[in-house]
Amino acid sequence: MNVDARGPGACAPHPPAAGRLVVAVALLDLEPHPHPGSPSHADLPSDVGSRSDPGSPSGPDGRPATGPRVLAARRQEPSAYAGMWEFPGGKVEPGESEHEALARECREELDVEIEIGPPLGEVDLASPGWVLRVWFGRITRGRPRLVAHDALRWLGAAELDDVPWMPADGPLVDRLRDVLASPTPLDWS
């Protein structure tokens with residue numbers, strides 16, 4: 001996404017004008033991970049991630065990561081945003097629903113099919129009239145691979161601050177942390 005947020009607290013209660021909507025997905029891996037390297041349908045293959053970030057399910061202190069995780073993707077371009085992390089997604093095309101756009105963007109950016117769950121939230125963007133809406137999702141087919149990004153990483157609640165988030169995604173990270181850390185499962189219905 002080549003957009004910026006106005007900052008924390010910029011949540012928008014109004015619908016965006018047609019053609020001014022950006023959608024993204026917080027892809028969750030809801031399986032528990034009791035041991036580093038434990039198998040999961042959503043574990044990243046060994047070739048995904050940067051040299052310093054192999055996408056390991058272990059935490060930053062070397063202990064096993066537990067609980068749900070979210071997939072973060074590191075941007076390559078434009079140069080102003082290269083190296084920043086985001087939720088995968090993009091602009092809603094004319095005639096396309098938000099859910100259709102999310103599914104298309106995940107196929108294009110990650111080569112996966114997804115199921116879309118409840119919304120995480122929305123943020124007004126720096127460009128007047130533009131809105132970012134982020135939904136929860138989970139992978140139903142495929143394994144994430146590097147297509148549009150230079151690294152992918154699964155992050156647990158305690159790891160969300162380990163990466164520099166895109167300004168547009170940053171305001172929703174605290175909400176995401178609450179969901180990931182909650183003992184109550186996310187209502188997917």
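Let us start with helix 1, which covers residues 98-110: its 13 residues reach 18 Å from the first C-alpha to the last, close to the 18 Å expected at 1.5 Å a residue. That expected span is 1.5 Å times one less than the number of residues in the helix. Helices here are DSSP runs of H or I with at least four residues, strands are runs of E with at least two, and both are numbered from the N terminus.

Before going further, a word on the model: it is predicted, so local features need pLDDT of at least 70 and side-chain atom pairs count only at pLDDT 80 or more, while totals for chains, interfaces and linings use all residues. Residues are numbered from 1 along each chain as its sequence is written, and side-chain values use heavy atoms, with hydrogens and water left out.

Back to helix 1. Its buried residues are Glu98, Ala101, Leu102, Ala103, Arg104, Glu105, Cys106, Glu109 and Leu110. Buried means under 20% relative accessible area, exposed means over 50%, and partly exposed lies in between (1.4 Å probe, protein chains only). These buried residues pack against several strands, including strand 1 (21-29), strand 5 (113-124) and strand 6 (131-141).

Asp111 has a positive phi of about 60 degrees although it is not a glycine. Most residues other than glycine have a negative phi, and most peptide bonds are trans. Asp111 is partly exposed, because its relative accessibility is 34%.

The peptide bond from Glu77 to Pro78 is cis, with omega near -10 degrees.

Now look inside. A nonpolar core is a set of buried Ala, Val, Leu, Ile, Met, Phe, Trp, Tyr and Cys residues joined through side-chain atoms within 4.5 Å. The largest one has 27 residues, and Val70, Phe87, Trp165 and Leu176 touch the most other members. Strands 1, 2, 5, 6 and 7, together with helix 2 (170-181), are the elements that give two or more residues to this core. A second, separate core of 19 residues includes Leu21, Ala73, Leu110 and Ile114.

Leaving aside neighbours within four places in sequence, Trp165 is in contact (heavy atoms within 4.5 Å) with residues including Ala72, Met84, Phe87, Leu155 and Val173.

Finally, find Arg74 in strand 2. Arg74 counts as buried because its relative accessible area is 18%.
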